[in-house]
Amino acid sequence: MNTVATRAVPSAELAGHDEGVGLLPERLSGLPITPTDAVGLTERAGALAKRSIKTTAKGAALTLAVRCMDLTTLEGADTPGKVLSLCAKALRPEPADPDVPAVAAVCVYPELVPVAAAALAGTPVRVASVAGSFPAGLGPIGVRLDEIADAVQAGADEIDIVLNRSAFLAGRYRQAFDEVAASKAAAGHAHLKVILETGELGSYDAVRKASMLAMAAGADFIKTSTGKIGTSATLPVALCMAEAIRDYADAEGRAVGLKVAGGIRTAKQSWQYLVVMAETLGAPWLHPDLFRIGASSLLNDVLLQLDRLGNGGYPRPDKTVV
Amino acid sequence: MSGPSDRLPATRPDAAAAAEVPERVTGSAGFGPDCYAPAPEGTDLVRLEDVYGLFIGGEMVPARSEQLAPTVNPATGETLATFSLGGAEDVDRAVLAARAAYESHWRDAPGSVRARYLYRIARLLQERSREFAVLESLDGGKPVKESRDVDLPLAAAHFFHHAGWADKLDYAFTGASPGPLGVVGQVIPWNFPLLMAAWKLAPALAAGNTVVLKPAETTPLTALLLTEVLQDSDLPPGVVNIVTGDGATGAATVAHPGVDKVAFTGSTAVGKEIQRTLAGRGRRLTLELGGKAANIVFEDAALDQVTEGIVGGIYFNGGQVCCAGSRLLVQESVAEVVVSKLRRRMDTLLVGDPLDKNTDIGAINSAAQLRKISELVESGVQQGAELYQPSCALPERGWFFPPTLFCDVSPSHRIAREEIFGPVLSVLTFRTADEAVEKANNTPYGLSAGIWTEKGSRILWMAERMQAGVVWANTFNRFDPASPFGGYRESGFGREGGRQGLLGYLDLHGRQAAGGDR
Amino acid sequence: MSGGDGRLGVPKTYKMYVGGAFVRSESGRTYPARSAGGDLLAHAVAGSRKDVRDAVRAARGAQAAWAARTAYNRGQILYRVAEVMDSRRAELVGELARAAAGGQSAADPAAEVDAATDRWIWYAGWCDKYPQVLGGANPVAGPYFNFTVPEPMGVVGLAAPDEAPLLGIVSRLAPALVPGNAAVVLAGERCPLAAVTLGEILATSDVPAGVVNILTGRRAPLVRALAGVGDVDCVDLTGCDPPDADPPDADPPGVDPAGADPPGVDLVTEAERLAAATVTRVVRAAAGERRWLAPSAQSPHAISAFCEYKTVWHPKGR
């Protein structure tokens with residue numbers, strides 16, 4: 001495969017970047033990188049988490065959570081068999097209830113993209129693949145870009161890459177920026193989600209800056225976490241990124257999506273994130289085009305809660321399809 | 001996929017693959033603040049009497065005045081209960097009961113014993129907090145999420161904090177030998193009915209005083225419910241007496257010759273009248289009065305948290321807060337973006353049923369207050385300020401007012417000078433820090449101020465220059481029993497909370513000769 | 001008025017001290033200040049309402065810069081006052097002795113002057129310490145740093161008592177100056193001589209002009225004028241209370257809670273009513289503080305009475 005042709009920046013130019021440490025790329029000048037007060041942010045997130053979501057609102061939220069879900073398996077032990085059953089569940093999460101919609105996407109490692117692509121061909125469910133030396137993102141840039149292009153070639157509609165935190169935290173913002181831009185080019189028609197791995201960034205100011213950098217470099221989505229380190233998505237981090245998305249949309253006129261991932265296991269958590277989206281970015285973002293929840297076990301709890309809303313009692317957990 | 005990107009043309013060719021920012025959608029996405037299902041807090045915990053008497057000498061007694069008045073739910077206009085308007089004779093009885101309790105035992109009760117009662121009260125409030133919160137919202141109109149998350153926890157915390165002071169007063173003021181003042185007359189407002197009672201009662205009792213408390217005319221019910229807590233705590237009769245009533249009852253309380261100290265929270269006009277009434281009588285007096293706080297935003301601030309701080313500063317409790325950040329002073333370079341963020345945030349505020357757990361702005365406390373707010377807002381429009389109100393539907397019954405923003409406000413406008421005590425924010429701009437200081441201090445009030453900047457040295461420079469008793473930097477409307485609260489200038493004198501708050505209830509040389517644990 | 005050597009003395013004109021200058025009243029009036037035995041001490045200046053206004057304006061103009069000096073610097077200046085006062089000890093003792101001559105008082109003029117000097121030194125040392133004792137960090141239940149600092153009120157009006165013409169002033173003035181207030185002092189009506197000399201001492205002690213202003217004259221009109229000026233932040237009415245009593249405990253005769261002004265209202269009541277118009281703080285020496293020669297007359301809590309407490313919150317976050 002000739003992947004080089006899709007690259008915007010030759011990989012040789014992406015190596016090094018010793019000059020300009022600490023300087024933001026020119027594309028970011030003029031974009032608002034507003035400071036973030038951690039306490040105020042956390043309090044606002046806490047207040048949003050306390051929204052009381054009942055009855056019809058809960059039903060709408062749970063259905064939306066399913067529609068926005070990236071059903072994910074990212075284990076070294078993943079097999080075609082496991083991915084196939086995941087795809088089946090993605091299409092019909094609740095076989096007994098056709099009103100439960102399909103999820104947004106199935107998210108797998110590149111090796112398993114052909115399996116998922118075959119299973120989901122002709123369905124509304126997208127195939128998402130992590131790529132670019134996930135989860136650390138520190139492979140050679142040429143290898144990372146090839147991996148992206150290969151995954152797209154194999155049928156991925158969406159590519160989840162990680163931000164180069166090594167470059168970002170060292171102040172080599174231009175390198176981090178250029179790598180995202182090159183990844184975007186390598187992904188071609190596929191949507192690019194950039195994982196900031198916020199648990200490693202150290203502050204909300206850094207989250208905001210990384211969000212702006214990724215968006216300015218062309219990300220279609222920014223995403224909180226890989227799920228591979230201790231600290232994954234939190235409500236304040238999601239709020240911080242949503243605020244950055246709002247500022248970016250105001251400044252540039254482009255709507256970037258938000259994907260929260262890692263550690264989201266309960267239906268209540270899912271509607272808390274939806275509340276954050278609803279009250280920060282508004283109705284347009286309450287759509288799988290602009291909001292995703294990456295999760296593996298969440299779906300079952302959401303289905304349990306949906307079932308309860310319909311039947312008025314908690315069903316047995318073994319009722320849901322594994 | 002049918003997303004927003006399908007509906008709107010792409011305007012940036014280089015970003016054709018991505019969604020353009022959809023236009024503001026006024027309709028529903030099936031989920032969101034415009035369509036949260038009702039989530040009312042149940043009222044089954046609350047049991048109301050038909051008629052309430054006065055709490056004097058440890059028991060509920062009928063008022064000798066034989067005057068009754070209804071207290072209504074401001075969200076519906078319905079009468080909740082009938083309570084007594086204490087007359088001069090009732091106040092006299094209450095003061096006598098307080099005096100008897102003071103002299104017979106409370107004055108000499110060891111501090112550790114007084115502490116025990118205060119701890120018990122704190123715990124009982126915590127145990128019954130949901131009941132109190134619902135009643136507070138029923139009687140006063142504030143959103144139940146505020147009464148639940150702010151008023152009740154803070155009220156209990158005030159008793160808990162001051163309980164610990166009761167047996168440590170000898171260590172609080174260096175070189176002093178503090179003792180109580182005697183009988184304290186306390187008059188409190190309607191915006192935080194139970195919390196203000198706690199702010200007043202806890203330090204007074206910790207210091208060894210006995211109390212006659214006069215709750216506000218429109219919100220007597222939580223103070224009346226508090227009498228059950230006081231009884232359940234076994235607090236000796238007469239230590240706290242609660243005389244409900246109107247302005248005349250309050251006037252009789254503060255002017256009573258048997259009262260040694262007066263503590264008042266309310267309007268500056270009434271505060272001045274009380275100070276005048278007490279002239280020459282040698283009474284101790286503390287006043288916590290009105291405000292017209294400046295919330296000052298510099299261009300380097302964390303603008304999204306600023307937006308929350310502004311909203312919380314002026315719309316918390318519907319702006320019926322003496323320390324509300326009612327004047328927004330924003331640096332010209334970011335005025336446009338701040339106002340834009342603010343308007344967008346205001347559009348998500350939920351106005352309505354105070355008992356709904358999602359309500360952000362509840363009912364205005366009374367018809368009179370609603371008239372005052374409406375009149376001042378009208379003056380703002382008349383004087384040429386630019387009005388913005390989100391298009392939120394207000395309930396058909398009850399007293400409600402939408403969150404309101406005024407731009408193009410000049411410092412001479414009434415809305416920039418007078419305390420509105422409602423959800424009304426006036427936006428003014430400044431260019432330099434010096435100008436911000438000058439405008440912020442350009443008021444006879446001096447209760448609170450907000451400063452928003454990420455520059456540490458500027459925070460300290462500004463804080464030093466604010467003529468205000470409480471300065472919130474990169475936050476607003478925070479309260480804590482350990483943190484002194486009170487005003488400069490015409491916002492009153494004396495502090496509530498913390499070590500300094502005890503000063504208002506102690507004679508520092510009151511126990512030169514006495515010893516023991518007190 | 002003549003020295004022992006037969007030289008004809010040069011009696012001093014006792015002027016008021018306003019804005020760093022020694023001035024007569026704009027009204028041109030004086031009044032005879034007499035000793036306890038009735039001898040004429042001097043024709044003291046009878047300050048007017050306008051003099052009060054001028055003094056308040058001078059104080060307001062000087063206050064911010066005084067408060068902005070470092071605490072260390074204010075401490076050194078107040079210590080300097082003690083030095084200069086001690087250098088004029090004999091003069092002050094003479095003035096107090098002349099005023100007391102012929103009276104019943106057993107007061108010892110030398111003891112009063114020495115105590116006044118000592119009091120300056122004691123309070124001078126508080127300048128860079130009182131915030132540590134009176135303020136502090138507050139452990140609030142949340143991720144905030146919260147601290148309370150005592151700040152000066154601004155312009156303080158002090159009505160000085162008659163019974164200790166020098167020590168009474170110093171005992172109230174010094175704690176007012178410590179946190180950075182400016183003061184307008186109404187000297188004791190009966191014997192203003194030492195107060196005027198105190199002004200001369202302050203004028204030569206690096207105390208900036210306007211920080212202390214000393215007016216002489218009839219107490220009642222001056223107190224009324226002082227309490228009625230809106231730009232006074234605090235009035236100390238110690239000199240209006242009888243010297244041997246706690247603050248009045250009974251309601252003054254004729255006071256109607258409804259608020260009508262009865263005739264013959266006493267000065268304190270009148271002053272406090274005037275103060276209420278602008279919520280002006282009213283303070284006075286506590287009973288223990290008014291035994292001027294006793295150790296209890298000096299206290300950090302006397303400084304506290306002339307302070308506002310400001311509480312500042314800031315979040316703690318990464």
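Chain B gives 44 residues and chain C gives 40 residues to their contact, where two residues count as in contact if their C-beta atoms, placed from the backbone, lie within 7 Å. The model is predicted: local features need pLDDT of at least 70, side-chain atom pairs count only at pLDDT 80 or more, and totals for chains, interfaces and linings use all residues. Residues are numbered from 1 along each chain as its sequence is written, and chains are lettered from A and ligands numbered from 1 in the order in which they are written.

**The side of chain B that touches chain C**

- Elements of chain B that give two or more residues are α8 (247-255), α9 (268-277), α15 (456-465), β18 (470-473), β19 (492-493) and α16 (498-502).
- Helices (H or I, at least four residues) and strands (E, at least two) are DSSP runs, numbered from the N terminus.
- The largest share, 6 residues, comes from α9(B).
- By type, this side holds 20 nonpolar, 16 polar and 8 charged residues.
- Ala, Val, Leu, Ile, Met, Phe, Trp, Tyr, Cys and Pro count as nonpolar; Asp, Glu, Lys and Arg count as charged; the others, Gly among them, count as polar.

**The sheet of chains B and C**

- An open sheet of 10 strands, with mixed pairing, has the order β14(B)-β15(B)-β16(B)-β13(B)-β12(B)-β17(B)-β18(B)-β12(C)-β6(C)-β5(C).
- Its edge strands, β14 (386-388) of chain B and β5 (136-137) of chain C, each pair on one side only.
- Two strands pair if DSSP finds at least two bridges between them.
- β18(B) runs parallel to β12 (residues 307-315) of chain C, joined by 3 bridges.
- B:Val470 has C:Thr311 as its bridge partner in β12(C).
- Within chain B, β12 (residues 294-297) and β17 (residues 448-452) pair in the parallel sense over 4 bridges.
- B:Val297 stands opposite B:Trp452 in β17(B).

**Helices on this sheet**

- Helix α11 (residues 332-346) of chain B lies across β12, β13 (327-331), β14, β15 (404-407) and β16 (424-430) of chain B, at about 135° to β13(B).
- Helix α12 (residues 367-382) of chain B packs on the sheet and touches β14, β15 and β16 of chain B, at about 35° to β16(B).
- Axes are lines fitted to C-alpha atoms, for helices over the stretch in contact, and angles run from 0 to 180 degrees between N-to-C directions.

**The barrel of chain A**

- A closed barrel of 8 strands runs β1-β2-β3-β4-β5-β6-β8-β9 in chain A, with parallel pairing.
- Neighbouring strands of this sheet are turned by 25° against each other on average, direction ignored.
- Strands β8 (residues 257-261) and β9 (residues 291-295) of chain A run parallel, joined by 4 bridges.
- A:Val260 has A:Ile293 as its bridge partner in β9(A).
- Helix α4 (residues 80-91) of chain A lies across β1 (69-72) and β2 (105-108) of chain A, at about 160° to β2(A).
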